[in-house]
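Please look through the structure below before reading my notes, which are set out as numbered points for someone new to this kind of description.

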Amino acid sequence: MSAKIITTLGPASGNPEVLQYFKEHSVEIARLNGSHGIIEEHIRMAKLAVYAGLDLMLDLPGPKIRLGEINDTSFAVKAGEKVIIENEKNTKKHNIIDKENNIKILPCQFSIEKSTKINDIVYIDDGKLQFRVLKVEANRIQAEALNSGLVKSHKGVNLPHGKIDIDFLTENDLRLIEKLLPIIKPKYVATSFVKTINDIHRLKKAIQDSLSNIKDYYPRIIVKIEMAEAIEPINITNLINECDMIMIARGDLALETTPVHIRVPFIQADLVQRCQKQNKPFIIATQILESMITCPVPTRAEVSDLYRAIVLDKANYIMLSSEAAVGQYPKECVTIMHDLIHYNKNNQLELNNSNKKLPSETVSKRSIKKIKTQNRLKSIKRKRL
């Protein structure tokens, strides 16, 4: 069976014309990203997607650590610069610059000082910004920027060397389950930052509670693999058994496992093998066509990654995130995926047809060779006579 596409809904894709194009080009599932948008907007997008003939996936954000609000769009740090990272509740009491010490403050939605130690690396915005911890204080940390760049609101914060004690199901997750599931009834619910099978049991209980008055509907559960604890042998075996589908969420997975960035392809290969062995469908996600957010054509490396996912790994689904939600070329992204899917499908058909012809062609060649030999023998006999 050929791979299908999942597209994330957003400003770039949340209109009937684009969604219809998606439907006609191998897109099967529309993803609602619970990390962004309000309930009413999710409902509006869901109705458009269903009208276009797409299945729905509600992706719960989970306990993702993010920066808080930064109003200054030009707020940046330079390599070697000292900064403070603290809970945004404290930051709101003063500005994002500590005037007394002339040091910039990065607001964070969670207190991370208990989960870090000196010399740990804090990764922000998918690792685009990196900070080395210099000092851990009671309510904040001091760190040194290892590279330069803009600091943007709500970007992810990863601590691969620290263990964060945050509840698996957040208030926002429970609100999305309660407010959205009974109304839009998505075919799939994806859950983030899963560690153990107990997390899935808690999710299922929350879903059951929200659907207590609805008897004819229950969503399929997608487990996003993005935590180091989740890929421990006993945990990953239990998670694959308990869920309906696995998502290989390579973004956070790259920053939550060590060596940072390096381990992802090895983990992907292992997860693909495990899923195929247990006949569990799986999704390959994150940065498949990242450059096409701002560019109409993919890089060669991205096409090779897409080839691996579709042809070698035989993924059931491949997913577009920002490329489809906020990118400049959502239709072009889908077209690239659709064309590669169908090129592979046609290539396989041609290969199968050529293999079917091969035995008969072989027999035919042998028959011709035998006839020629017989004719030569007859010719020799005639000459002797």
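Predicted model: local features only at pLDDT ≥ 70, side-chain atom pairs only at ≥ 80, totals over all residues.

1. In the largest nonpolar core, which has 71 residues, the members that touch the most others are Ile225, Ile246 and Ile318. A nonpolar core here is a set of buried Ala, Val, Leu, Ile, Met, Phe, Trp, Tyr and Cys residues joined through side-chain atoms within 4.5 Å, and buried means under 20% relative accessible area, whereas exposed means over 50% and partly exposed lies in between, with a 1.4 Å probe and protein chains only. Once neighbours within four places in sequence are set aside, Ile225 has contacts (heavy atoms within 4.5 Å) that include Ile231, Leu239, Ile246, Ile248 and Leu271. A second, separate core holds 22 residues, among them Ile112, Ile124, Phe131 and Val157. In soluble globular proteins, nonpolar side chains tend to be buried together.

2. Residues are numbered from 1 along each chain as its sequence is written, and side-chain values use heavy atoms, with hydrogens and water left out.

3. On the overall architecture, the protein has 11 helices and 17 strands, these being DSSP runs numbered from the N terminus (H or I of at least four residues for helices, E of at least two for strands). Of its 385 residues, 47% count as buried. Among contacts between residues at least 6 apart in sequence, 72% join residues at least 24 apart. The accessible surface, computed by the Shrake-Rupley method with a 1.4 Å probe, comes to about 20,200 Å², and 51% of that belongs to carbon and sulfur atoms.

4. Where does Thr8 sit, and is Thr8 buried or exposed? Thr8 belongs to strand β1 (residues 4-8), and Thr8 counts as buried because its relative accessibility is 3%. A polar atom of the Thr8 side chain lies 2.7 Å from the backbone oxygen of Leu320. Beyond its neighbours within four places in sequence, Thr8 is in contact with Ser13, Arg31, Asn33, Leu320, Ser321, Ala324 and Ala325.

5. The largest pocket deserves a careful look, and its definition comes first: on a 1 Å grid over the protein atoms alone, a pocket is an open set of points where a 1.4 Å probe fits, with protein on both sides within 12 Å along at least five of seven lines, and lining residues have an atom within 4 Å of a point. About 1,300 Å³ of space lies in this largest pocket, the volume being the space filled by probe spheres set on the points, which are joined across faces, edges and corners. Its lining has 50 residues, and Asn33, His36, Arg66, Ser321 and Ser322 lie nearest the centre. Among the elements that each supply at least two lining residues are β2 (27-33), α2 (39-51), β15 (245-249) and α10 (322-325).

6. Ser192 lies in the loop between β13 and α5 (197-210), and this residue is buried because its relative accessible area is 1%. The side chains of Ser192 and Lys224 are joined by a polar contact of 3.0 Å; the term covers a pair of N or O atoms within 3.5 Å where, within protein, one must be able to donate a hydrogen and the other to accept it, and residues adjacent in sequence count only if both atoms are side-chain atoms. A polar atom of the Ser192 side chain also lies 2.6 Å from the backbone oxygen of Leu60.

7. Tyr188 is in strand β13 (residues 188-191) and is buried, with a relative accessible area of 4%. Although Tyr188 and Tyr218 are 30 residues apart along the chain, their C-alpha atoms are separated by 8.9 Å.

8. Most residues other than glycine have a negative phi, and most peptide bonds are trans. Thr258 and Pro259, however, are joined by a cis peptide bond with omega about -5 degrees, and Pro259 is in the loop between α7 and α8 (264-277). Ser26 has a positive phi, near 75 degrees, and is buried at 9% relative accessible area. Lys314 also has a positive phi, near 55 degrees, but Lys314 counts as exposed, at 57% relative accessibility.
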